Amino acid sequence: MDSKKRIAILGSTGSIGTQAIEVITEQSDSFEIEVLTANGNAELLIQQAIKYKPNAVVISNESKYLQVKEALLKYDVKVYAGE
């Protein structure tokens, strides 16, 4: 049975979000990243998604949706856009 707590990080590309990811990484036996969200930093969101393999990512800036979607096509990550 998987007893890890699944975590959603809102604003994963900001300073608090990146620090939260560091803490979760250090505690990877207890936590796993389920969802990552970002406002507009598509490049960092893509890097995070590839590294941490969340179930889903959300980019608030809808104009960056295709960039994120295309970059993550070969990974098993759902991509959403909007607030």
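In this predicted model, A38 stands opposite I59, a residue of strand β3. The pairing between β2 and β3 is parallel in sense and extends over 4 bridges. These two strands belong to an open sheet of 4 strands, arranged in the order β1-β2-β3-β4 with parallel pairing. The edges of the sheet are taken by β1 (5-9) and β4 (78-81), each of which has a single partner strand, so that one side of each is left without a neighbour in the sheet. From one strand to the next, the twist averages 20 degrees.

Helix α2, in turn, lies across β2 and β3 and runs at about 160 degrees to β2.

Within α2, the residues A42, L45, I46, Q48 and A49 are buried. When the helix is seen down its axis, these buried residues fall within an arc of 165 degrees, and they therefore line one face of α2. Q47 and K51, on the other side of the helix, are exposed. The cover over the buried residues of α2 includes α1, β2, β3 and α3 (65-71). The helix is followed by K53, a residue with a positive phi, near 50 degrees.

Not counting residues up to four places away in sequence, Q48 touches S12, T13, T18, I21, L36 and K53.

In soluble globular proteins, nonpolar side chains tend to be buried together. In the present model, the largest nonpolar core has 16 residues, and those with the most contacts inside it are L36, L45, V57, V68 and L72. At least two residues of this core are supplied by each of α1 (15-26), β2 (31-38), α2 (42-52) and β3 (56-59), and the largest share, 4 residues, comes from α2. The surroundings of L36 illustrate how these elements meet: with residues up to four places away in sequence not counted, L36 touches I9, S12, I21, L45, Q48, A49, P54, A56, V57 and V58.

As for charged pairs, the count comes to 1 salt bridge. This salt bridge is formed between E34 and R6, whose closest N and O atoms are 3.7 Å apart. Because E34 lies in strand β2 and R6 in strand β1, the pair ties together parts that are 28 residues apart in sequence. With a relative accessible area of 23%, E34 is partly exposed, whereas R6, at 57% relative accessibility, counts as exposed.

Note on methods: Residues are numbered from 1 along each chain as its sequence is written. This is a predicted model: local features need pLDDT of at least 70, side-chain atom pairs count only at pLDDT 80 or more; totals for chains, interfaces and linings use all residues. Side-chain values use heavy atoms; hydrogens and water are left out. A nonpolar core is a set of buried Ala, Val, Leu, Ile, Met, Phe, Trp, Tyr and Cys residues joined through side-chain atoms within 4.5 Å. Buried means under 20% relative accessible area, exposed over 50%, partly exposed in between (1.4 Å probe, protein chains only). Contact means heavy atoms within 4.5 Å. The arc is that of the directions from the helix axis to the C-beta atoms. Two strands pair if DSSP finds at least two bridges between them. Axes are lines fitted to C-alpha atoms, for helices over the stretch in contact, and angles run from 0 to 180 degrees between N-to-C directions. A salt bridge is a side-chain nitrogen of Lys or Arg within 4 Å of a carboxyl oxygen of Asp or Glu.
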